Amino acid sequence: MPSSSEIHEMFQLQLRKMATEPDIESCLPTICDDLYARRFTGADVQAIVSSANLAAINRWVSADEATRRALGAPCVTKEDLRQASLSTRSSIPEEEWEFYHSIYKKFHDSSREAEFVVASATAEA
C-alpha cells in the first residue's frame with residue numbers, strides 16, 4: 001500500500017485542484033503518517049479530500065453574504081482535512097490488508113526491477 005510520502009503526494013495532487021488555506025501543507029505530514037499507520041489507500045485519500053471540500057462548501061453556503069464575498073470561494077482548511085481524515089475509515093478490512101499488501105509489494109518491486117533493467121541497458125549503450 002502507499003507509503004506516507006506517496007500519500008503526501010496524493011494529497012498534493014488532489015488539493016491543488018481547489019482553494020485551500022495558504023499553509024495547508026503544514027498539516028499534511030502528520031495526517032499522512034496517521035493514514036499510513038491506519039493502512040489507507042489512494043481511494044481513501046480521495047474520499048478524505050472530497051469530504052474536506054464538502055465541509056468547506058457547506059461552511060461557505062451557510063455563511064452570510066458579506067462573509068461569502070470576503071472569502072470569494074469555499075476554502076479547504078487544515079481542520080477540514082483533520083476532521084475528514086478522522087471520520088474516514090480505511091476501505092480495506094484488516095483481515096484483507098495483508099493479501100492486498102503482498103500484491104502491491106510484488107507490483108511495486110517489479111516496476112523497480114524494470115526501471116533497473118532499463119537503466120542498465122541505457123548505461124551499457
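Mentor: The protein chain has six helices and zero strands. This is a predicted model, in which local features need pLDDT of at least 70, side-chain atom pairs count only at pLDDT 80 or more, and totals for chains, interfaces and linings use all residues. Residues are numbered from 1 along each chain as its sequence is written, and side-chain values use heavy atoms, with hydrogens and water left out.

Trainee: What makes a stretch a helix or a strand here?
Mentor: Both are DSSP runs numbered from the N terminus: a helix is H or I with at least four residues, a strand is E with at least two. Read from the N terminus, the elements run α-α-α-α-α-α.

Trainee: Why is K78 called buried?
Mentor: Buried means under 20% relative accessible area, exposed means over 50%, and partly exposed lies in between (1.4 Å probe, protein chains only). K78 has a relative accessible area of 18%, so K78 is buried. D23, at 37%, is therefore partly exposed. In the protein chain, buried residues make up 27% of the 125 residues.

Trainee: What makes K78 and D23 a salt bridge?
Mentor: The term asks for a side-chain nitrogen of Lys or Arg within 4 Å of a carboxyl oxygen of Asp or Glu. For K78 and D23 the closest N and O atoms are 2.8 Å apart, so the pair qualifies. The two are 55 residues apart, with K78 in helix 5 and D23 in the loop between helix 1 and helix 2.

Trainee: How do you know that E79 and R82 form a salt bridge?
Mentor: Their N to O distance is 3.6 Å, so this pair also meets the definition. E79 and R82 are three residues apart in helix 5, which means about one helical turn separates them.

Trainee: Which residues are linked in a network of salt bridges?
Mentor: E65, R68 and R69 are. Within it, R68 and E65 have their closest N and O atoms 2.9 Å apart.

Trainee: What makes a set of residues a nonpolar core?
Mentor: The members are buried Ala, Val, Leu, Ile, Met, Phe, Trp, Tyr and Cys residues joined through side-chain atoms within 4.5 Å. The largest one has 18 residues, and L81 is among those with the most contacts inside it. Helix 3 gives the most to this core, with five residues.
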